[in-house]
Amino acid sequence: MSIFVGVDQVDKIFELTGGGQYIALKGIDLQIKKGEFVSLIGHSGCGKSTLLNMIAGLDLPTEGLVTLEGQRIKKPGPDRMVVFQNYSLLPWRTVRENIALAVDSVLHGMPAAERKAIIDRHIDMVGLRPHADKQPGMLSGGQKQRVAIARALAIRPKLLLLDEPFGALDALTRGNLQEQLMQICEENQVTAVMVTHDVDEAVLLSDRIVMLTNGPESKIGDILEVDIPRPRKRMEVVKHPSYYSLRSEMIYFLNQQKRIKKIRARKTAAVVRHGLEKVNLEIGFLPITACAPLAIAKEKGFFIKHGLDEVNLVRESSWRGIVDGITGGYLDAAQMPSGMPMWLSLGGNKNQPLPVVTALTMTRNGNAITLAKRFYDEGVHSLSDFKNYLLKTREQTHRMGVVHPASMHNLLLRYWLAAGGIDPDSDVVMKNIPPAQMVVDLKGGTIDGYSVGEPWNYRAAVEGSGFTIATDLEVWLGHPGKVLGVREDWAETYPNTHIALTKALLEACQYCADPANAQEIRQILASQEYVSTDIEYIQLEDPNNATCDLNHPMREYAHHQFYSESAINRPSRTEQIWIMTQLARWGDTPFPRNWVEIVERVCRVRVFSTAARELGLDISYTRQPIQLFDGKPFNADDPIAYLNDLEIKRDFSIAEVILDAPRRTAA
Amino acid sequence: MTTFTAKRRNSNNSDSAISVFISKQLPEIIPPTIAIVVFLVIWQVFSLIAGTLPGPIQVVQETWELILYPFYDRGGIDKGLFWQIFASLQRVAISYTLAAIVGIGLGILIGVNQTMSKALDPLFQLLRTVPPLAWVPISLAALRQNEPAALFVIFITSLWPILINTAVGVKEIPNDYNNVAKVLQLSQKEYFLNILIPAALPYIFTGLRISIGLAWLAIIAAEIVMSGIVGIGFFIWDAYQANKVSEVILALVYIGVVGLILDKLMAWLQNRILPQQK
């Protein structure tokens with residue numbers, strides 16, 4: 001369909017009275033189709049009303065142009081009628097006279113009787129017949145807004161612009177009015193743009209939601225498509241599977257904007273001390289048992305011991321927060337799923353390769369695959385049972401939760417399914433869900449199973465909502481779990497800090513591996529700042545101990561492995577190459593033709609070796625092959641042949657991935 | 001709503017309505033009545049002690065004739081108090097109307113036009129602080145006749161509040177209304193009639209109400225100075241020259257009452273014309 005409203009590279013700059021400039025909007029690009037309902041959402045002051053005013057023509061862009069049906073918008077006009085935030089009814093005119101003013105001045109070519117009919121029809125449309133001859137002062141807020149909508153629609157605009165139309169109304173009135181507006185828009189095929197700050201309103205009304213970043217220089221952060229079918233009902237929309245993911249997407253975006261604002265306001269200059277380039281670090285982590293090395297390094301003083309005096313641990317709720325923090329540059333380092341440095345480097349995030357390196361594998365194991373309890377009750381006890389079950393129930397959609405495309409959970413779950421003859425893309429649906437939400441979703445029935453790090457498998461099993469169908473013991477014992485990731489340019493700018501950080505965390509890993517400390521670590525992890533869960537769910541013991549005796553068979557868990565003298569913390573090139581093959585296998589990233597170079601850049605073995613040597617740790621490394629449960633050999637010297645050999649896979653591409661030359665950013 | 005119910009009650013039983021009305025108004029009437037009585041008593045006591053000014057009883061005794069016959073006319077300037085006040089009111093009416101027309105017109109011009117506003121504002125601010133009496137010699141020198149000079153003084157005094165309030169009213173038209181006008185692409189005339197005037201009207205009325213008080217103030221000042229014309233101002237001056245202090249006091253009471261009535265009249269007009277905005 002052709003473009004109805006076009007916003008093309010629009011900048012808006014306000015001249016300040018002090019002589020300065022305020023760049024409100026920068027590089028806004030937006031195309032709106034006929035009949036579409038688009039919402040603009042963002043924090044106050046992000047310029048969403050300014051954008052609306054520019055479409056209305058009440059404000060003109062400083063750069064770029066706004067068009068309606070290909071015609072440049074230079075001034076306001078009745079074909080783009082605005083429903084203003086504070087109604088803008090003329091208080092000295094009655095409801096009828098207010099609408100009449102618009103109709104009479106815009107449709108003056110029409111016979112008077114017809115105009116009167118239009119006015120009456122629109123008064124009826126918003127149900128204000130009994131109030132037609134009252135002045136706005138005698139109407140309630142909801143009624144006034146209805147008059148404003150009636151006035152706007154009565155002049156038959158091509159485009160309806162709504163500026164926070166329901167902001168000042170109470171919840172009940174707002175709900176009713178939203179439904180009325182939706183109905184009117186559908187019946188009259190109205191194209192509409194609405195400014196709002198209410199995420200529920202945006203999901204309910206819109207076809208697309210445009211999210212604006214915070215000013216100055218606001219731009220479009222993201223555009224969400226709302227795939228909920230119309231006609232929508234307020235109470236039913238909530239039940240649609242997309243509703244909560246759209247809603248949480250928006251809330252995530254808005255929170256992220258708020259945090260960026262806070263971080264911008266804070267002084268972020270690097271503090272140089274103890275011969276380190278930067279001792280004030282922001283390190284991101286997720287509330288999972290595997291965050292133990294970070295928590296311990298902080299709580300037991302390993303950061304300070306190695307000169308990192310001002311480390312701040314930032315708890316994110318999803319891996320996406322980590323990705324945004326690292327790409328945005330406001331996290332110095334982060335706990336990452338082991339596939340994430342490679343995924344970011346290969347351009348998994350928005351197709352923009354961002355070199356990220358790892359010098360330390362912080363944990364191994366600690367993951368499992370959980371299915372809802374009802375599968376167990378129906379006799380699904382193994383992978384082959386699961387496959388048969390899926391074959392039996394082809395007409396149903398089975399949803400599996402993973403935490404992030406780059407996480408080991410995703411790669412292992414896919415590998416596990418594929419090894420059992422289940423295509424993870426066509427036989428089941430994979431959904432990205434934050435770890436802490438998995439159990440809730442499993443209980444709520446929105447997913448059928450998931451693969452996630454501890455404690456969330458254990459917890460589902462203990463609570464009885466799910467059961468563990470496979471642990472690391474049955475997929476890949478000793479697989480890398482979480483790694484330390486930093487941007488390559490960060491590593492180049494702060495090389496000594498990088499080593500100090502690696503040392504602190506390596507020592508923390510060692511501390512975590514000592515069974516004598518287990519109780520203390522469990523207590524620290526269970527606390528509010530970290531995993532914030534019942535201590536019972538934090539299990540650290542040796543995998544050889546049977547964990548509990550529920551009436552359905554509990555698995556032997558491969559618990560987290562934090563440290564061993566056999567160099568389990570050393571970043572492994574072989575593993576990174578395997579991850580590369582899997583990312584390419586599922587179409588997340590191309591397989592890099594220059595894979596040797598990429599692996600060398602992602603795996604900072606030298607940083608690890610220096611750290612280990614300076615700590616005086618005797619770490620013996622011998623290259624070992626990867627052993628997965630299906631016994632398929634992996635030859636790290638010929639990954640493409642391995643990839644070709646896999647049966648279930650997507651059409652992968654092999655391409656040169658060009659990374660920027662490693663450089664030091666001006667600190 | 002309240003007026004509606006009150007009306008209905010009136011029509012149903014009008015006999016008791018009057019007594020209801022009175023009993024309702026009693027709390028409104030009693031306190032001012034007491035205050036006036038107390039004031040008169042104090043005045044009487046003071047006049048007995050000091051003896052320079054007549055007390056209220058003496059005033060009524062000495063001006064009894066004037067109170068009883070407000071309509072007498074013996075030609076020249078020897079006329080009843082009604083005619084004196086009427087003559088003054090006529091002048092006020094003429095000048096005030098003129099001031100309203102000029103003030104509202106200029107006010108809108110200043111309110112709409114930024115350049116005009118910048119150019120004329122200092123001039124107006126300067127002129128508006130000049131007290132009415134100071135205009136008297138200028139207007140006499142310029143116009144050389146009592147009548148037009150008096151008219152001019154009233155005009156110039158009552159002009160400023162109207163002008164400045166109108167200008168503010170036009171400037172303060174909410175942006176929302178202007179945006180509505182822009183989006184609907186109202187013509188100049190439509191904008192003027194449908195948006196500008198109604199939106200500025202409350203301000204204009206505030207100006208008009210302040211001005212009517214000032215106009216009445218100015219007429220007395222002007223007439224006192226200009227001899228030989230019929231009017232309540234000159235009546236006071238004349239009575240003072242003849243040492244009839246009681247007549248001066250009576251005239252003061254009349255002036256006060258007329259001023260009060262004029263103000264109430266404007267308030268009533270304002271309520272009639274302006275919609276009850278919330």
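This is a predicted model: local features need pLDDT of at least 70, side-chain atom pairs count only at pLDDT 80 or more; totals for chains, interfaces and linings use all residues.
1. The buried residues are W319(A), G321(A), I322(A), V323(A), D324(A), G325(A) and I326(A). The elements covering them include helices α8 and α12 (340–345) of chain A. Strands β11 (280–285), β13 (333–337), β14 (356–361) and β20 (482–487) of chain A are also among the covering elements.

2. Helix α8 of chain A, which is part of that cover, runs over residues 241–265 and contains F253(A). Is F253(A) buried or exposed? Its relative accessibility is 8%, and the limit for buried is under 20%, so F253(A) counts as buried. The residues F253(A) touches, leaving out those up to four places away in sequence, are M211(A), L212(A), T213(A), G221(A) and D222(A). For T213(A), the separation along the chain is 40 residues, while the two C-alpha atoms are 8.5 Å apart.

3. The largest nonpolar core has 148 residues. Which of them touch the most other members? They are I99(A), L160(A), L181(A), I209(A) and M250(A) from chain A, together with W216(B) and I232(B) from chain B. Helix α10 of chain B (residues 188–225) gives this core its largest share, 15 residues. Another core lies apart from it, with 127 residues, including V314(A), L442(A), A508(A) and V531(A).

4. Not counting residues up to four places away in sequence, I209(A) is in touch with S39(A), I41(A), A202(A), V203(A), D222(A), I223(A), L224(A), V226(A) and M250(A). Of these, M250(A) is also listed among the core residues that touch the most other members. D222(A) is a residue that F253(A) touches as well.

5. Two strand pairings in chain A deserve a look. Strand β19 of chain A (residues 466–471) has 6 of its 6 residues buried, so the strand is largely enclosed by the rest of the structure. Its pairing with strand β15 (residues 367–372) of chain A is antiparallel and runs over 5 bridges. Within that pairing, T468(A) of β19(A) is the bridge partner of T370(A).

6. The other pairing belongs to an open sheet of chain A. Its 4 strands stand in the order β2-β1-β4-β5, with antiparallel pairing. The edges are taken by β2 (21–33) and β5 (71–72) of chain A; each has a single partner strand, so one side of each is left without a neighbour in the sheet. Strands β1 (residues 3–15) and β4 (residues 63–68) of chain A pair in the antiparallel sense over 5 bridges. D8(A) has L65(A), in β4(A), as its bridge partner.

7. Chain B has 12 helices and 0 strands. Of its 278 residues, 38% are buried. Counting contacts in chain B between residues at least 6 apart in sequence, 68% join residues at least 24 apart.

8. With a relative accessibility of 1%, S139(B) counts as buried. Its contacts, again not counting residues up to four places away in sequence, are R144(B), A149(B), F152(B) and V153(B).

9. How much area do chain B and chain A bury between them? The value is about 1800 Å², and 67% of it is on carbon and sulfur atoms. Chain B brings 17 residues to the contact and chain A brings 25 residues. On the side of chain B, Y177(B), V183(B) and L184(B) lose the most area to chain A, and together they account for 33% of what that side buries.

10. Across this interface the rule finds 0 salt bridges. Between chain B and chain A there are 4 residue pairs in polar contact, with both residues at pLDDT 80 or more. Helices α9 (175–184) and α10 of chain B each supply at least two residues of the side that touches chain A. The largest share of that side, 7 residues, comes from α9(B).

Note on methods:
Residues are numbered from 1 along each chain as its sequence is written. Chains are lettered from A and ligands numbered from 1 in the order in which they are written. Side-chain values use heavy atoms; hydrogens and water are left out. A nonpolar core is a set of buried Ala, Val, Leu, Ile, Met, Phe, Trp, Tyr and Cys residues joined through side-chain atoms within 4.5 Å. Buried means under 20% relative accessible area, exposed over 50%, partly exposed in between (1.4 Å probe, protein chains only). Contact means heavy atoms within 4.5 Å. Two strands pair if DSSP finds at least two bridges between them. Buried area is the accessible area (1.4 Å probe) that two parts lose on being put together, summed over both. A salt bridge is a side-chain nitrogen of Lys or Arg within 4 Å of a carboxyl oxygen of Asp or Glu. A polar contact is a pair of N or O atoms within 3.5 Å; within protein, one must be able to donate a hydrogen and the other to accept it, and residues adjacent in sequence count only if both atoms are side-chain atoms.
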